[in-house]
Amino acid sequence: MVMVWALSGLELKAQPPVPSSAPTAPSALKVLHLTFQAAETGFDPAKVSDYYSAVVISGIFDPLLTYDYLARPAHLIPNVSEALPTISADGKTYTLKIKQGIVFGQDPAFAGRARPLRAQDYLYSIKRFVDPKNRSPYAFLFLGKIVGLDALVSKAQKTGQFDYDAAVEGLQAPDPFTLSIKLTETDFNFSHVLAFPLVGAVAREVIERYGADSSAHPVGTGPYRLRQYLRSSKISLEKNPLFRTLRWEALPSTDIPDEAIRKSMQGKLLPAIDRIEISIMDEAQSRWLAFLRAETDMEYQLEELAPKFLTPTGELKSPFREQGIQLDRSVDPEISYLFFNTAETIGNQPNPIGGFTLPKIALRRAIAMAYDVQDQIAVIRKGQSVRAFYPIPPGVAGHQSQYRSSLSYNPALANALLDHFGYRRGADGYRSHPDGSALILEYASTPVERDRQFDELMKRSMDRIGLRLSIRKQRFSELLKLSSQCRLMMKQAAWIADYPDGDNFMQLLYGPHTGQSNAACYRSASFDRLYEQSRRLPDGAQRDLLYLQMTRQMEADTAWLLTDSRYRNVLLQPYVVGFKKHPVLTNEWIHMDIDRTRMKKAPAS
Amino acid sequence: MRQSERVAVFAVLAPQGLWSLAWSRLCRDTLGLIALGVVVMYLAVVLAAAAGWIAKDWSHEAGVNYAPPNGWIFSASPSEDRLPVARESIQVTPVAGVVDPLAPVIETLRESRLALAQEPQRLATLPLGADKWGRDVALKTLKGTQTSFIVGLLAAFLSVLLGSLLGAYAGYFGGIVDDVLNWIYSTFTAIPYLLLVLAIAAVLNQKGISTVILILGLTGWTGVFRLMRAEYMKHRNREYVLAAESIGASHARRMFYHILPNVSHVLLVQLSLNVVSFMKSEVILSFLGFGVGVDTVSWGSMLNEAQTELLLGKWWQLASATLAMALLVTAFSVFTDALRDALDPKLK
């Protein structure tokens, strides 16, 4: 799908700076009602990292690039830039031209004048991510990557004041509408960072005017603006009257559902929906009832209730189908995996499953072969996930659907392997180390009911091969901290794509990322060498081959057992049209519409 | 003959003790006896399970996942909601440039046929059905009886012991002793119950049955304390206590020999109430992750599992645990009531 600019920016300039939006009767408004299952934290792009805030932010701010709505795997397209960035041959310099005539939404900070979007706004927004004062969880997107930026950061740490006016060699605007970014190292995948929904342009006047309260005053160039905001309870967005003219345009597709979407949306002025009303509802049961009463138009957070509306084969149950309710079912761009700490020690204790000697690898291999992923999918996930074999999930560049893991379920072979390496069973049926000392595996999980099911599955699987298991219970945030310090032996983990590129997943196993995202603390010289090679390559067959070798290397060392990727089941009321779950974009409602003719007449009261 | 007749007459005339009187009164209460029978039956199950005579291999996966009950007690039609589980036999293609250090060993093991997988036979139905892993719900219920009964009973004993001891001292002595104990009582009750439970759980920082008993016992004594304190304040100046004092009975003797039997019906009622409420609290603790571990089964953990099972329409685990619990709780309450009537000195 290609989005086109139907009108030039000149017309926008001709508009009065603060136009009074045509008064429409409230009943004529198209309103989409949504729920969040957790509260937002705020709408300042440089200060948040949670999904829910990002959903709202992506409706208000414009990143330079974005993704095609229908193409899979996700495909980069320009957003406010004229075209995709021009990348220098060495993969170090990115140059972009911004479309002229785009203006920010209204705000008192602009004193009634139209405020055009300039390249400088993006440079400012990028600098805000690394400003130590903002403590952005996404600073890693830019830190160490842009020439001269780190020096500015260390200066700011010393003086306590980030100098936004200082020139940075890597962040230049040769003219008001041209942007040039210089990277410290070759990286052909940096475009994904520029498409990351949080990397949208903020206006410096607005940020400086509201200071610490910037989270409640998002002003961007995007299709929506904040209409009403009650913290942790209600968020209401309305069409940004100053939004540029954007039409829904797509090429004919062979995919039948896509064709239906194309038919209903083609040529429409975007955004088509006037208002987005979001309420925060923690409980799945409440969200489900609200959807059944048609108080919400779209619901996608009903994992635990899936058996209520889905048949085991993943179709909508007939009572709901008859009502015209639509189901959009897709696999999330995420992987779940069981990781093994491969470091020799945990704290100052020896790690019974760590190290790269044959008996240790055999022990990890046996655990991986005994863990029953089939039961995890059928019983714990209730069929709402698919087996994952490859570290890169579907919908993400680099995914290989035909790949099969060399770690397959086979407890009998696992037992034979342990016998071979001298892990002998004692009188109680549990094995000890080859040297006769006690062998106890420690598995970490959180004290919630869902994790108890994982505990049981783990215990059953380990009992089958005679390994004694102890379970360590801790809160989620605590476990995250411990795992980044390499202090956990085994744990289940999941990772969802930040951007739809395989690198986002492969970096989880890169040795130098130990202490950050590499929870297995996996350090393999050959893996790291392959990974470094892959970073210098754009997406393509050459990089895919490296990823394949890296995956097999990880299996040979048995640092992870990949388990599954979950389905995302989105329920839509009959009158909601144009929805297709995107692997990374969270603001599908920009591309959707409400078809009033399919709306049921409200019962006469 | 004559002599033995005299002995018999003497025996009949001998004053009956409190307990034998109570026993004879209890024997006249049919409902109480039935309840006692049920409680004794449960106790037998608990002892047998503890000794390992029954339900030893409750964690054995005897049936298929969610095998339905076979109709002896409950019946349910086999679910059509099950996906065929086919284990994929995976062909692994080698990747050039990567060496698996274990490949030669695994190849030998595969060839030696040591590693032949054998899937055990599993039953399609079980008397009370199976849980999500195919474990027999009947065995789980029996084994769960052991855990829940022991937790409820021991925690109730602990709380009643603590509560009555402190209550007796506070009510009997009054003054500064009362003030200090009341202060402790107020502190404990000022903290919301669950917060207190979590605080103690965090301090103990261990999982297991003994931890649960300690947590419940240490938090549950306040109600007993309040009642016992009031009873002791009431009884302290009664004539029989003053009479006991006048013949030189010590404080301890007056408190625990003279007053205690007269207030024991309160204790028994509290004991039974606590047994019931602690069995339920064990459910809450299991839910919050401070309950029994995965290698133990209790009614609490069964009910917890039932939450998610009910969504799938698998009701048998819930039914078994609830029935077992309801029967014991009812029997225990009825029996305690009968015991209270039998022990009350005012009811002749």
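Mentor: Helices here are DSSP runs of H or I of at least four residues and strands are runs of E of at least two, both numbered from the N terminus. The model is predicted, so local features need pLDDT of at least 70 and side-chain atom pairs count only at pLDDT 80 or more, while totals for chains, interfaces and linings use all residues. Residues are numbered from 1 along each chain as its sequence is written, with chains lettered from A and ligands numbered from 1 in the order in which they are written.

By that assignment chain B has 13 helices and 0 strands, and its pattern along the sequence is α-α-α-α-α-α-α-α-α-α-α-α-α. Of the 348 residues in chain B, 35% are buried (20 or more other C-beta atoms within 10 Å of the residue's own; 12 or fewer is exposed, in between is partly exposed, with C-beta atoms placed from the backbone). Among contacts in chain B with a separation of 6 or more, 75% come from residues 24 or more positions apart; a contact means that two C-beta atoms, placed from the backbone, lie within 7 Å.

Take one helix pair in chain B. The axes of α5(B), residues 137–173, and α6(B), residues 175–190, come within 7 Å and cross at roughly 140° (axes are lines fitted to C-alpha atoms, for helices over the stretch in contact, and angles run from 0 to 180 degrees between N-to-C directions). The two helices are therefore oblique to each other, given that under 35 degrees counts as roughly parallel, over 145 as roughly antiparallel, 65 to 115 as roughly perpendicular and the rest as oblique. The crossing of α5(B) past α6(B) is left-handed, that is, the near helix is turned anticlockwise from the far one by less than a right angle, clockwise being right-handed. On α5(B) the contact uses L166(B), Y169(B), A170(B) and F173(B), and on α6(B) it uses G175(B), V177(B), D178(B), L181(B) and N182(B). By class this contact has 6 nonpolar, 2 polar and 1 charged residues (nonpolar: Ala, Val, Leu, Ile, Met, Phe, Trp, Tyr, Cys and Pro; charged: Asp, Glu, Lys and Arg; polar: the others, Gly among them).

Chain B also touches chain A, with 37 residues from chain A and 37 residues from chain B in the contact. Elements giving two or more residues on the chain A side include α9, α11, α12 and β20 of chain A. The largest share of that side, 6 residues, is from α14(A). The chain A side divides into 18 nonpolar, 8 polar and 11 charged residues.

Strands do occur in chain A. There β7(A), residues 178–182, pairs antiparallel with β5(A), residues 93–97, over 5 bridges; pairing requires at least two DSSP bridges between the strands. L179(A) is the bridge partner of L96(A). β7(A) also pairs antiparallel with β6(A), residues 171–172, over 2 bridges, with L171(A) opposite I181(A). β6(A) and β7(A) form a hairpin with 5 residues between them. The covered face of β7(A) holds L179(A) and I181(A), and the uncovered face holds T178(A), S180(A) and K182(A).

Chain A also has an open sheet of 4 strands in the order β1-β12-β9-β8, with mixed pairing. Its edge strands are β1(A) and β8(A), each pairing on one side only, and the twist averages 20° from one strand to the next. Within it, β9(A) and β12(A) run antiparallel, joined by 5 bridges, with E277(A) as the bridge partner of S236(A). Helix α2(A), residues 51–60, lies across β1, β8, β9 and β12 of chain A, at about 140° to β8(A).
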